[in-house]
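Open the model in your viewer and keep the selection panel handy.

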Amino acid sequence: MKLIDVVNFAWGSLRGSVTRTLLMMLAMSIGVASVVVLTGLGDGARNYVINQFSSLGTNLLIVFPGRTETAGIGPGMLLGQIPREISLDDAQALLRSRAIGRIVPMTVGSSQISHDALNREVVVLGSSSEMLEVRHMSLAQGQFLPAGDIHSSESVCVLGAKIRRELFGQEPVIGAWVRLGDRRFRVIGTMASQGESMGFNTDEIVIIPVASAHMLFNTSGLFRILVEAKSRDAIEPAKHDAEEILFRRHNGERDVTVITQDAVLATFDRILRALTLAVGGIAAISLSVAGILIMNVMLIAVSQRIKEIGLLKALGAPAAQIRNLFFVEAILLSGIGSVMGLILGEIGVWVIAQIYPSLPVAAPWWAVLAALGTSLGTGILFSVWPARRAAKLDPVMALARS
Amino acid sequence: MIELSQVSRSFMVGDQQVAALRGIDLSIAAGDYVSIMGPSGSGKSTLLNLIGLLDRPTSGTYRLDDGNVTDLDDEQQAKVRSNKIGFVFQAFHLVPRLTAAMNIELPLILAGIPPAERKERVMQLLENYGLADRADHRPDQLSGGQRQRVAIARATSMHPAVLLADEPTGNLDQATGKEVMNLLEQLVAQQVTLIVVTHDPAIGGRAARQLHMVDGQFIGETRRGT
């Protein structure tokens, strides 16, 4: 029997019973599609959490004044002292460490902002030009704070997306002047709308140079220093260096706290791992459901055709040929069913992505491969295996079955 | 050309051994027209299935064309069936999804005959059996007589030496049955060995050699014209 005839015959028997074929393909494609959609959802949830963290920036350390001790009360507290503040020079001194790449000093205060007759209360963030990249923020218009001397207090500001909308509406904003407290600032840029990121809404802030913020709020201390380590491996040395440098600059007092993003991430690592396991579990369950579904449909379909197998034998087909016919038929059926399922699943994923745009839904490649493998595997196994058994029967036995 | 010696066949029914054939000796020459008659359960269909290599004897030997075919493996058996034996069943056993022409073509496809030759042979068979205008009809669109004619055309498509018919008229009315028998008998004229199993004396009586069976044994033989 020639291959083309085998394929034709197999295709003919699929087309010969349209309902059965469609039902089997439906079972198969629902199996594959459910794996694709479920793992897509699970992995999307996992990626969502990861993205939330990386939107903070990568390889970050956070330095802030004061030290949280669990071992009793420091002597300074008894005297009513507040911890020594971190100055801009302290921040710049951190750059001496070889493990530290960039630093972003931050001062935060709130102030009245006004433009023409409009005014509102805003959070004012004093920072430096590095902030844009270190925090992975993006501009909508104009430019960010100018690079250069960190001590220069230029009167420029960058507006958050919502502030810009409320104060200026559709008016051009670059080059306009706003009043912050008792000073006037020229707008040089606006931030792209990014929404809330780890509880910090960048749409509702105004960013000015850190030195200007110190003058505006009449302080000299920093609220935070974001420190970017040069690499992931440099995070621990950077932490150590930062602590040592500030220890020496603060006359041998350990009065700052340095936390690593990793410390935060480590807490969430367990959550992430649980999520990964959950995705794997979801995939395994939907795969086995799909596999059993396909198995049943195939077993029933073949047992209905034992008589046909007997006839083929009576007409001179050896068992091997019958196995071939069923094998090719199973490949055609499972192949088409799986591809249909894949398309169905991707459509499902697309629909979910439209409904929840913030969730990065996408089926991981291993789940897609496993889904295809399972459906093809079970489809072929559970049609060839019973067909094989039927082909071993003496034709008269097979013909007698009805 | 067909030589059975001491052939027995028994089945397990539940835990009981039931003998369907008991030590059958039979020899049929090429071109013979033989009918096997007997009541139902006499073992005549079992005998026919054994001759057609659809079943295996429990004991005894079967020689076909001077070769022992008793212990052939599956593939060799299939080859013998494909090249030498044609079947006509009571229930026709046509593949419902295939057209008349495709049903006739089936043994040719299984034997790996090139498409051009297949087409030619199928056209010829359709013509011979008066089915030319039914070529594209599926079995459920054909009458009983037409279905059996398709089955006979299919059985003869590989030019078998032996044609085995198990109650070929069992599902047909008398007139159509006669028509089908005429077609089968035409093949005998072409040197095909025809073996017909039936419980109907009117059908069986047409054969040149008539074997009577009861309880898995021959109880007599009649020859026409003697």
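In which sense do strand β1 of chain B and β2(B) pair, and over how many bridges? Keep in mind that this is a predicted model, then select residues 2–13 of chain B for β1(B) and 16–28 for β2(B). The two pair in the antiparallel sense, over nine bridges. To see one opposite pair, show L4(B), which stands across from L26(B) in β2(B).

Now widen the view to the open sheet of chain B, where four antiparallel strands run in the order β2-β1-β4-β5. The edges are β2 and β5 (67–68) of chain B, each pairing on one side only.

Next, select helix α2 of chain B, residues 74–84. Its buried residues are Q77(B), A78(B), R81(B), S82(B) and K84(B). Their cover includes β4, β6, α3 and β7 of chain B, along with α10 (306–314) of chain A.

Stay in chain B and pick α3 (100–110) together with helix α5 (residues 144–156). Their axes come within 7 Å and cross at roughly 25 degrees, so α3(B) is roughly parallel to α5(B). The crossing is right-handed. On the α3(B) side, show A100(B), N103(B), I104(B), L106(B) and P107(B); they meet V150(B), A153(B) and R154(B) in α5(B). This contact is made of six nonpolar residues, one polar and one charged.

Last stop: the contact between the chains, with 24 residues from chain A and 19 from chain B. On the chain A side, α1, α10, α11 and α13 each supply at least two residues. That side holds 13 nonpolar, six polar and five charged residues.

Terms used
Residues numbered from 1 in each chain as written. Chains lettered and ligands numbered in written order. Predicted model: local features only at pLDDT ≥ 70, side-chain atom pairs only at ≥ 80, totals over all residues. Buried ≥ 20, exposed ≤ 12 C-beta atoms within 10 Å, placed from the backbone. Contact = placed C-beta atoms within 7 Å. Pairing = 2+ DSSP bridges. Nonpolar A, V, L, I, M, F, W, Y, C, P; charged D, E, K, R; others polar. Axes fitted to C-alpha atoms, helices over the stretch in contact; angles between N-to-C directions. Parallel < 35°, antiparallel > 145°, perpendicular 65-115°, else oblique. Left-handed = near helix turned anticlockwise from the far one by under 90°.
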